[in-house]
Amino acid sequence: MFRQVSAGKNHTCGIKYNGQLACWGRDNYNQVTNMPSGTYSQISAGDYHNCAIDDNGMAVCWGYDYHDQVTDTPGGTFIQIGAGFNHNCGIMSDGEAICWGSDLEGQSNAQPGPFVQISAGEFHTCGIKSDGSVICWGENDWDQIDSPDVNLLRPQIEAGRYHTCLIQNDGTLNCWGDNSSGQASPLGGTFRQVSAGIDHTCGIRSDGAVVCW
């Protein structure tokens, strides 16, 4: 049984109820077999690497490391982390964001916080600040960082490859960016969780049903 799962490009990782990690799927960069030991509170799967926060708040990453997205993992205490394509961003215990790895499009140029949630996409990053506002940075070829002017009570945003989705205060979804495969045209209903992939998006509705588009 798992208390959290996160899907990467061709693999998935999760945290079991006992806090231990489990990963499965493609393993070309040891993103599945090179899991660290210990117990963890949060995990995020990137394209070919993963990052997790242990029970002491320390971040650890493993897998593909061409842009130092694994070896440059900073110390300190984290409250949340997001693994992207070749970069990662996390929220430190003081609420400020920190990013590392590839910065080709400015996706690792962390903006001032404080933040309550952050999500790393392919070449962009989005976060929700403590005042409920949304800010994104990095590549904008698909308008994926043109975030709406909102004051969110539900701190959940998801950056996909070239699109972004968030849960609005009424539980409905708002998505923007690349919509070439309909990934930014969410289905109706109210949601409690959303996950944005490369060319698709999935969410958990308020009644627990899972839908994808």
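Counting bonded cysteines along the chain, the disulfides pair up as 1-2, 3-4, 5-6, 7-8, 9-10, 11-12, a disulfide being a pair of cysteine sulfur atoms within 2.5 Å. That rule gives six disulfides. Keep in mind that this is a predicted model, in which local features need pLDDT of at least 70, side-chain atom pairs count only at pLDDT 80 or more, and totals for chains, interfaces and linings use all residues. Residues are numbered from 1 along each chain as its sequence is written, and side-chain values use heavy atoms, with hydrogens and water left out.

Let's walk through three of these links. Cys-51 is bonded to Cys-61, with an S to S distance of 2.1 Å. The torsion about their S-S bond is about 105°, so this disulfide is right-handed. Cys-51 sits in strand E5 (residues 49-54) and Cys-61 in strand E6 (residues 59-63), so the bond ties together parts 10 residues apart in sequence; strands are DSSP runs (E, at least two residues), numbered from the N terminus. Both Cys-51 and Cys-61 are buried, meaning under 20% relative accessible area, where exposed is over 50% and partly exposed lies in between (1.4 Å probe, protein chains only).

Next come Cys-126 and Cys-136, whose sulfur atoms are 2.1 Å apart. Their link is right-handed too, with 110° about the S-S bond. Cys-126 is buried at 0% relative accessibility, and Cys-136 is buried at 11%.

Finally, Cys-202 and Cys-212 form a disulfide with sulfur atoms 2.0 Å apart. Cys-202 lies in strand E17 and Cys-212 in strand E18, so this pair again ties together parts 10 residues apart in sequence. At 44% relative accessibility, Cys-212 counts as partly exposed.

Methods
Helices (H or I, at least four residues) and strands (E, at least two) are DSSP runs, numbered from the N terminus.
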